[in-house]
Amino acid sequence: MTSTTLTPLTVWRQTLRPGVMALGLALGMTTLSPTALALDSDANQPINIAADSLSLDDKAGTATYTGRVEMRQGSMKLDAARVDISRADSGEISLVKATGQRAYMEQKPDTDERLVKGWANTIRYHALERRVELVGDARLEKGDDTFEGGYVEYFLDKRQVNASNGT
């Protein structure tokens, strides 16, 4: 399993599962100011990613993790068969796209609020906008409310949800 830690200083450390070559490298991501689906206090926590394999294009600013992918940052969790991470020209993470049979995400909006949980065939987190899209067989549980459909959109800062039966 590849294990990656992304700190605000932007160093990613990779350790692959047994049977796969181990490597260590640094990416050119310069900042990580938007949190990845996490409490405000989680913003300073490193992002840890574990996966079966990694494909990295530092020049293009992309990383693709495949296999059993587990991404964590503080209280935020994202589990999927594949996770693609892209960065903006500024160096900040701009998009995290998780795909697979029922990708899963959760985050704790605030210390006194319950976990927000989501499932979908595709989960796209637009980090700079702090917006999550759940696409295909989508379900979002927020407090006592459950939203299901082909498409569910969740705005983290506003705690706003839009849902529809289409994609």
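**Strand pairing and burial**

Within strand E10, Asp145 is the bridge partner of Lys142. The structure is a predicted model, in which local features need a pLDDT of at least 70 and side-chain atom pairs count only at pLDDT 80 or more, whereas totals for chains, interfaces and linings use all residues. Residues are numbered from 1 along each chain as its sequence is written, and side-chain values use heavy atoms, with hydrogens and water left out.

The protein chain comprises zero helices and eleven strands, where helices (H or I, at least four residues) and strands (E, at least two) are DSSP runs numbered from the N terminus. Two strands are taken to pair if DSSP finds at least two bridges between them. Strand E9 (residues 131-142) is joined to strand E8 (residues 116-126) in the antiparallel sense by nine bridges, and Arg139 of E9 is the bridge partner of Trp119. Four residues lie between E8 and E9 in their hairpin, and Arg130 in the turn has a positive phi of about 55°. E9 also pairs antiparallel with E10 (residues 145-155), over ten bridges; two residues separate the strands of this hairpin, where Gly143 adopts a positive phi near 65°.

Thr122 belongs to strand E8 and is buried, with a relative accessible area of 16%, given that buried means under 20%, exposed over 50% and partly exposed in between (1.4 Å probe, protein chains only). With neighbours within four places in sequence left aside, Thr122 is in contact (heavy atoms within 4.5 Å) with Lys97, Ala98, Thr99, Glu133, Leu134 and Val135. Across the protein chain, 47% of the 167 residues count as buried.
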